[in-house]
Amino acid sequence: MEAPAGPHDPAETRLTITSPEQMRELGRRMAKLLRAGDLVMLTGELGAGKTTLTRGLGEGLGVRGAVTSPTFVIARVHPSLGDGPPLVHVDAYRLSGSLDEMEDLDLDVSLPDSVIVVEWGEGKVEELTEDRLQVVIHRAVGDTTDEVRHVTLTGLGARWAGTDLETLSA
């Protein structure tokens, strides 16, 4: 039997996703947990489903504009169509990793008012906030026809302490 999570233990859950639609649905469910000021870091190789997950997040948050990979613009803002927070979708792949470069995007200015989703942000955006939801997407290497993804969600910091991420598997 596992010990209950302490106040500083990260909240964590693991899910198996078998289709792009399930990945989008996970994003829609995640949106219900998110609020202005949240940082979501997405990690996974090309084709893992990071943008598909973010598309679901955008749908769940009710934001304007089609969520597509921001690779060539680095960051794209999707304003809320309602009273929720805007979604800021960042692709940090081409950023060198310096915090100065991230600050040039003014993410720290919009972070308190927005949900920030960063693809390829590992080692680049952790200094923005101690509170973040890390999403790691693993897929089978080699067999590109396999839609199965193993997703690990880890909530770090006081913001996520006590958050039951198991509800995402419902």
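**Exercise 1.** Which strands does helix H2 (residues 50–61) lie across, and at about what angle does helix H2 run to E5?

*Solution.* This is a predicted model, in which local features need pLDDT of at least 70, side-chain atom pairs count only at pLDDT 80 or more, and totals for chains, interfaces and linings use all residues. Residues are numbered from 1 along each chain as its sequence is written, and side-chain values use heavy atoms, with hydrogens and water left out. Begin with the terms: helices (H or I, at least four residues) and strands (E, at least two) are DSSP runs numbered from the N terminus, and contact means heavy atoms within 4.5 Å. Axes are lines fitted to C-alpha atoms, for helices over the stretch in contact, and angles run from 0 to 180 degrees between N-to-C directions. Helix H2 lies across E2, E4, E5 and E6, and its direction is at about 170° to E5.

**Exercise 2.** State the order of the seven strands in the open sheet.

*Solution.* Two strands pair if DSSP finds at least two bridges between them. The order is E1-E7-E6-E2-E5-E4-E3, with mixed pairing. Strand E1 (11–17) and strand E3 (75–78) stand at the edges with a single partner strand each, so one side of each has no neighbour in the sheet.

**Exercise 3.** Find the bridge partner of Met-41 in E6.

*Solution.* Strand E2 (residues 39–43) runs parallel to E6 and is joined to E6 by four bridges. Within E6, Gln-134 is the bridge partner of Met-41.
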